[in-house]
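Please look at the sequence and the structure shown here, and then read the short report that follows, which takes up a few places in turn.

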Amino acid sequence: MAKERTKRLAVLTGGSDAPGMNAALRAVVRAALAKDFVVYAIKEGYQGLVAGDDFFLNMDWDSVGGILQRGGTIIGSAQSPEFRSRDGRRQAAKNLVKQGIDHLVVVGGDGSLFGATLFQREWPELLGELVEADEISQAVANRHPRLRLVGLPATTENDVLGTDTAIGTDTALHRITTAIDRITSTAASHQRTFVVEVMGDYSGYLALMGGQASGADWVLIPESPSTAEDWEEEMCEVLRAGRLWGRRDSMVVVAEGAQDRNGKPISGEDVKRVLTEKLGEDTRITVLGHVQRGGSPSAYDRYLATILGSAAVDELVSPTNGNGPQLLGIRENQIVRTPLAESVEQSGAIIEAIESQDYDRALGLRGEEFN
C-alpha cells in the first residue's frame, strides 16, 4: 500500500529571472517527492502566493522533466505590490494553510529573500489575525505554528551575501565575456574604443569579473570608484598609454550603477563623451542588457542549482531548521548555511554604504574574493 503523503511543501521563483532557476525548481520538486512531500509550485512568485487557488500547481516527477537546460523560470516571476503590504502577506499565509503548506523554498535575489524573511517572521501574527477575523480556525493555526523556510540565491548580479556565487551568475559572466571577445575583434580591426555597459545597480561583480576575464583596460563599479579627484583624466591616462604601446583597441566596462567618489552616476554615455572629447577616440557603446541573463544556463549553474535545490529540502526536514530560516550557498565548493535574516541585512548594508559613499565599508562587506 502506498504511503500517504502528509507533509506539504511549496516552491516559488521571485524577482528577476536567472539562468538555473528551472534547475533549482526541478531539484526541489524531485527531492521533496523523494521525501514523501506533497509538492506545489507557485506561479508568478509572490503575486501567485497572494492570489492563491489557480496559481498553486500540484507537482509530480514529470512536471519538471526536460527543464534542466531551459533559461528563465517556467513557473514565472512577477512584481507583487500586494505582498509588500501586511494585508497581502496575511492573504498569502491564508492561501498556504488552506493547502496545508508550512514548508517553503524561495528562489530569488535580495528583494525576494527580504520578503521571505519578513513573511516568516510575521507568520505567527498573521495566523493569529486570520483566526481573529474568523478566516481560519484555531485548530488550523495550531497545525502550522511556524513556517519552515529556505532561501536559494538566484541572481545574475551576485549581490546576495552568504555565497561565493549565486545561481545565474556564472551564465551571465559567460555572456559578458563572449560578447566582449566578439566586440574586441571589431574594435581592433578599426582601431576603436568600445564601452560595454553591464548589469549591476549596486553590485560591480559582473563588471569586475567580466573585465578581468576579457582583459578590459578600465572598469567602473559602484563599490570602488576611482580615488582620484578627476577620474576622467586617470582613465584617459591609462588608455592613452595603451595606445602609445601599440594597442589597436581599448575596452572599458561599466556597471550600470557606477559612480564617482561623490556619488555622481557614471553612465556609458558619460564614458563615451570623455573618451571622444579628451582622446579623440572613435568610441562606440554596447549595452548588453537582458541578453546577460537570457538563454540556457551554463553547466556550472545547472550543477549549483541542483545541489542547492536538493540541500534545501534536506534543510527543511532537519531539526536544526528550528533555529530559523537559512540561506543555502556555496563557499570553497562546500554548501554553507547562513541565517537568512543576516544575509538580507548585510546585502542591504552594502546598498546603504554605497549610497552614503562609505566605499571602504561596502568593499569590506563584499568579502575577500571580491576585494
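Glu-342 sits in helix α11, which covers residues 340-355; helices here are DSSP runs of H or I with at least four residues, strands are runs of E with at least two, and both are numbered from the N terminus. This is a predicted model, in which local features need pLDDT of at least 70 and side-chain atom pairs count only at pLDDT 80 or more, while totals for chains, interfaces and linings use all residues. Residues are numbered from 1 along each chain as its sequence is written, and side-chain values use heavy atoms, with hydrogens and water left out.

Glu-342 counts as partly exposed because its relative accessibility is 39%, given that buried means under 20% relative accessible area, exposed means over 50%, and partly exposed lies in between (1.4 Å probe, protein chains only).

Glu-157 belongs to the loop between β5 (148-153) and α6 (169-190). Glu-157 is buried and yet has no salt bridge, since the nearest side chain of opposite charge, Arg-293, is 6.0 Å away; a salt bridge is a side-chain nitrogen of Lys or Arg within 4 Å of a carboxyl oxygen of Asp or Glu, and Lys and Arg count as positive and Asp and Glu as negative, with His and the chain ends not counted.

## A buried leucine

Leu-126 is part of helix α4 (residues 110-132), and this leucine is buried because its relative accessible area is 0%. Between Leu-126 and Gly-257 there are 131 residues in sequence and 37 Å in space, taken from C-alpha to C-alpha.
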